[in-house]
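Visitor: I would like to learn how to read a structure like this one. Please take me through it feature by feature.

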Amino acid sequence: MGTYVEVMAEPAAGMSAAEVLGAVEAAYAAIERVEACMSPHRPDSDLCRIAAAPAGAVLVIDPWTWDVLALAGQLHQASAGLFDCAADAGRPGASQRVLQLLPAARVRVGAPVRVDLGGIAKGHAVDRAVAALRAAGIRQGRVNAGGDLRVLGRVPQPIHVRDPSVPGRLRHLGDLADGAVATSAPGAGARLQAQPLRSAIVDPRSGQALAGGASYTVVAPTCALADGLTKVLALGGAQAHGCLAAFGAQGWVL
């Protein structure tokens, strides 16, 4: 995934150390599965197989990849194209036009297309890791992957974001319980501790990196949603807040 991942799990009453370790290992296994399925650089990943498929091919893909592609389509439609996972330069919305999602985790490729799920794949990995912790009996914890952070449990945890205008300064946005937060900005991020982050946001309409030094933070029910909506917030400005609200999310621009 190109970033360090922190998994924290507080044992529930009666859990053994071996059970907690197993929960953490299950969380990392979920992250590894997302990497294997959705990396744009691994020849055997679903995304590379889609890019290499001839027109008309029907591929069986991992159900998790199918879920993320479906979410990408929802975000693309709800944001009027501001969110776009098609990596083909000059072809905004290509993935939505030429990829048809079929039942039973299949996809029909209308024409070769490169898809980069990027941040929402990373957010999905965080979500799956949290689901693995919960399934293993963990009731309080967190997973943090390079600015995509999800808190498990009802105990609020403080969320700080780097202030892009003051090097080394953190802004406290509030406390988060049972939710997710993501930040997109060069060198800024939503963290429990100060650590550097992320690359520039690219406008799919022009193919150009977004100018300016602001950071964009979104709190949402899931990490995949939070990450995807940071791009919508960055590119849509004030008009993006309606889109965020439709997904039960809230955004900040610093």
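The dialogue below goes from overall confidence to strands, a helix, the cores and one loop.

Visitor: What kind of model is this, and how are residues numbered?

Guide: This is a predicted model: local features need pLDDT of at least 70, side-chain atom pairs count only at pLDDT 80 or more, and totals for chains, interfaces and linings use all residues. Residues are numbered from 1 along each chain as its sequence is written, and side-chain values use heavy atoms, with hydrogens and water left out.

Visitor: What is the mean pLDDT of the protein?

Guide: pLDDT is the predictor's confidence in each residue, from 0 to 100. The mean here is 87, and 89% of the residues reach 70 or more. Among the elements, β10 has the lowest mean, 44, and strand β2 (residues 58–60) the highest, 97. Over residues 187–199 the pLDDT is below 50. That stretch still has 55 contacts in the model beyond near neighbours in sequence. Contact means heavy atoms within 4.5 Å.

Visitor: How many helices and strands does the protein have?

Guide: Both are DSSP runs, numbered from the N terminus: helices are H or I with at least four residues, strands are E with at least two. The protein has seven helices and 12 strands.

Visitor: How much of the protein is buried?

Guide: Buried means under 20% relative accessible area, exposed over 50%, and partly exposed in between, with a 1.4 Å probe and protein chains only. Of the 254 residues, 52% are buried. The protein exposes about 11300 Å², of which carbon and sulfur atoms supply 55%. These areas come from the Shrake-Rupley method with a 1.4 Å probe; for residues, only the protein chains shown count as cover.

Visitor: Which faces of β5 are covered?

Guide: In a regular strand the side chains alternate between the two faces of the sheet. In β5, both faces are covered. Gln 140, Arg 142 and Asn 144 lie on one side, Gly 141, Val 143 and Ala 145 on the other, and all are buried. With six of its six residues buried, β5 (residues 140–145) is therefore largely enclosed by the rest of the structure.

Visitor: Which strands pair with β5?

Guide: Two strands pair if DSSP finds at least two bridges between them. Strand β1 (residues 5–10) pairs with β5 in the antiparallel sense over six bridges. Val 7 has Val 143 of β5 as its bridge partner. Strand β6 (residues 148–152) also runs antiparallel to β5, joined by five bridges. There, Ala 145 has Asp 148 as its partner. The hairpin of β5 and β6 has two residues between the strands, and Gly 146 takes a positive phi near 55°.

Visitor: How far apart are the end C-alpha atoms of α5?

Guide: The expected span of a helix is 1.5 Å times one less than its number of residues. The 18 residues of α5 should span 26 Å, and the end C-alpha atoms are 26 Å apart, which agrees. Of those 18 residues, 13 are buried, so α5 is largely enclosed by the rest of the structure.

Visitor: Is Ala 135 buried or exposed?

Guide: Ala 135 is exposed, with a relative accessible area of 71%. Its place is in α5 (residues 118–135). Gly 137, which follows α5, has a positive phi near 105°.

Visitor: Which residues touch the most other members of the largest nonpolar core?

Guide: In soluble globular proteins, nonpolar side chains tend to be buried together. A nonpolar core is a set of buried Ala, Val, Leu, Ile, Met, Phe, Trp, Tyr and Cys residues joined through side-chain atoms within 4.5 Å. The largest has 66 residues, and Leu 117, Leu 133 and Leu 229 touch the most other members. A second, separate core of five residues includes Leu 149, Val 151, Ile 159 and Leu 176.

Visitor: Is Ile 201 buried or exposed?

Guide: Ile 201 is buried, with a relative accessible area of 7%. Its place is in the loop between β10 (190–191) and β11 (216–220). Leaving aside neighbours within four places in sequence, the contacts of Ile 201 include Tyr 216, Ala 234 and Leu 235.
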